[in-house]
Every structure is written in C-alpha cells, then in structure tokens.
Amino acid sequence: MKTALISDVHANLEALEAVLQAVDQRGADRILCLGDVVGYGGSPNECLNLIRKRCQLVLLGNHDSAASGGPEISRFNPNAKAAALWTSKVLTSQNRDYLRALTLSQRREPYLFVHASPAAPRDWEYIFDRFDAEPQFQFFTERACFIGHTHQPAIFERTVTGCESLPPTTLRFDPLYRYIVNVGSVGQPRDHDPRACFVLLEEPAASIDFVRVPYDIEAAQEKIRLQNLPPVLAARLASGE
Ligand code: ZN
C-alpha cells in the first residue's frame, strides 16, 4: 500500500499538477492532503477542484479557514491577508462550503494526520525544530504524526533519550521509536529548494520517501501577477524561501 502525503498546495496549480503526475508514476494507491489547498497562489478554485477529485482525505489548514470566513485572517501578515481576501472573493460557493466542512485532524492507525500540530490543531503552532517537536509527542499515541504548515520537510524522531532531527530523506520507521514527519509543501516550499515536495509512505514496510518535483514556476508566478497579488508571493516561488 503506497500513500502519497501532500500539503500546502497554496493555489499553485502548476506545482499540484506536476506532483499528481509524479504520484501516479510512482503508483500511489491513495492521496492524503494535510491542508492549505488555497492562499498565496493564483488558482484556488482549480486546485480545490483537483484536490476534491483526487484525494481520499483532506484536512483544514489555517489559510483554508481564513479564506472561507474563519478568524485566522486577523493574525495574518499583510501579504497573506491580501491573498486570503482575494481568495475569499473568487472562491465558488461550492468550494467555500467544502473548505468550511473540513476537519482539523484524522486518526488512521497507526498514524495521526494534522496540518499544524497534534497538541492544539486549531492554534496553528509551528514545529520548526526538535525543541518545538519534543513536547508534541505527549499529545498523540500513534506511531507517527504527519504534519505540514511550516513548508519545510522534516523528520523528528523520539527515542528513549530525547528527540532528534533527522534529514528529510528515505527512512524506515524504527518500531521502537515514534515520529513527527513534516511532508513539506507542494506549492510554496521554504527550504531553499523551489521544487514541489511530497512524501510517499509505504506499508507494511513503514518507510517514507521525500520526493521533489520540478514544475513550471514561471507560469505559477504569472498567475499571481495577473491577479495583482503581492509581488513577493510570486518572487518567493523561484527562491524557495
Ligand atoms: Zn501553508
């Protein structure tokens, strides 16, 4: 059983299409999306239509909530706020209702899936490093928790002595340890690698693989500019920051 884990598409249709093609090439049996389908990018409805068609599970992200009437928008920086306001204006009513109905987390033994953090999914905390990750392990009992939100692929391994950060590459879960895995971002990577990112989870081997996918960045940037969204939202796609 191969599961593709995607997150933080952020209305980037070119990145999403390239990732779905890579997912199909690798023969994934199902696709789970950990939230933030919209926000920042220029193709929110197109991405939602595709996500709704292709994913077996879709979770709520903070930008999904903000764009569909949630309170998160008041905490956004000016660029994120501008994008959220534009997104809420152009969303079809069907897609708005769809976002409003999404859940924050989902347990599928032996894993937990959530956009931001297992401790308080609705608070949208960021888990950047092993110090952020360590206290999170007491808030779930599953073998591993898969997250998104920071746009930085990461693996945090909880051993008997503490929490370590491992490089986000191929890994087979050690049955003695527990994990928090950040699957990275499809549509706006922030780890200085502009290629789209997703994770393939293989069972019963319990192994994960991070996949990077090149896509047409210029086409995605052009759509952001065409909608008069903040120029930095287009520029950052090329640098992966
Ligand atoms: Zn995001």
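**Exercise 1. How are the donor residues of the zinc ion spaced in sequence, and what is the geometry of its site?**

*Solution.*

Step 1. Start with the spacing: along the sequence, the donor residues of the zinc ion follow the pattern D-x1-H-x25-D-x114-H. A loop between β1 (2–6) and α1 (13–25) holds Asp8, and a loop between β2 (30–33) and α2 (44–54) holds Asp36; this pair, 28 residues apart, links distant parts of the chain. Helices (H or I, at least four residues) and strands (E, at least two) are DSSP runs, numbered from the N terminus.

Step 2. Know what you are looking at. This is a predicted model, in which local features need pLDDT of at least 70 and side-chain atom pairs count only at pLDDT 80 or more, while totals for chains, interfaces and linings use all residues. Residues are numbered from 1 along each chain as its sequence is written, and side-chain values use heavy atoms, with hydrogens and water left out.

Step 3. Name the donor atoms. The protein donors are Asp8 (OD), His10 (NE2), Asp36 (OD) and His151 (NE2), and they lie 2.0 to 2.5 Å from the zinc ion. Donors are N, O and S atoms within 2.8 Å of the metal (3.2 Å for Na, K and Ca); water is not among the atoms, so sites may look incomplete.

Step 4. Look at the angles. Among the four donor atoms they run from 86 to 178 degrees, and the site is irregular. Here is the rule: four donors count as tetrahedral if all angles lie between 85 and 135 degrees; four count as square planar and six as octahedral if opposite donors are over 155 degrees apart and all others between 65 and 115; anything else is irregular.

Step 5. Check burial. Asp8 is buried, as its relative accessibility is 0%, and Asp36 is buried too, with a relative accessible area of 1%. Buried means under 20% relative accessible area, exposed over 50%, partly exposed in between (1.4 Å probe, protein chains only).

**Exercise 2. Which residues of helix α8 are buried, and what covers them?**

*Solution.*

Step 1. Find α8 at residues 231–239; its buried residues are Leu233, Ala234 and Leu237.

Step 2. Look down the helix axis. The buried residues of α8 fall within an arc of 100 degrees, so they line one face of the helix. The arc is that of the directions from the helix axis to the C-beta atoms.

Step 3. Look for the cover: it includes α4 (78–90) and α7 (217–226). Contact means heavy atoms within 4.5 Å.

Step 4. Finish at the end of the helix, where α8 is followed by Gly240, with a positive phi near 65 degrees.

**Exercise 3. Which residues lie nearest the centre of the largest pocket, and which nearest the centre of the largest cavity?**

*Solution.*

Step 1. Separate the two terms. On a 1 Å grid over the protein atoms alone, a cavity is a set of points where a 1.4 Å probe fits but cannot get out, and a pocket is an open set with protein on both sides within 12 Å along at least five of seven lines; lining residues have an atom within 4 Å of a point.

Step 2. Take the pocket. The largest pocket has a volume of about 250 Å³. Its lining has 19 residues, and Asn62, His63, Phe76, Tyr126 and His149 lie nearest the centre. Two or more lining residues come from each of α3 (62–67), α4 and α8.

Step 3. Take the cavity. The structure holds one cavity of 30 Å³ or more, and the largest cavity has a volume of about 70 Å³. Of its 16 lining residues, His10, Ala11, Asn12, Gly41 and Ile224 lie nearest the centre. α7 gives the most to this lining, with three residues.

**Exercise 4. Where is Trp124 found, and where does His192 lie?**

*Solution.*

Step 1. Trp124 is found in the loop between β5 (111–114) and α6 (130–133). Its phi is positive, near 55 degrees, in a residue other than glycine. Trp124 is buried, at 5% relative accessibility.

Step 2. His192 lies in the loop between β10 (178–182) and β11. His192 has a positive phi of about 65 degrees, although it is not a glycine. With a relative accessible area of 59%, His192 is exposed.

Key. Points joined across faces, edges and corners; volume = space filled by probe spheres on them.
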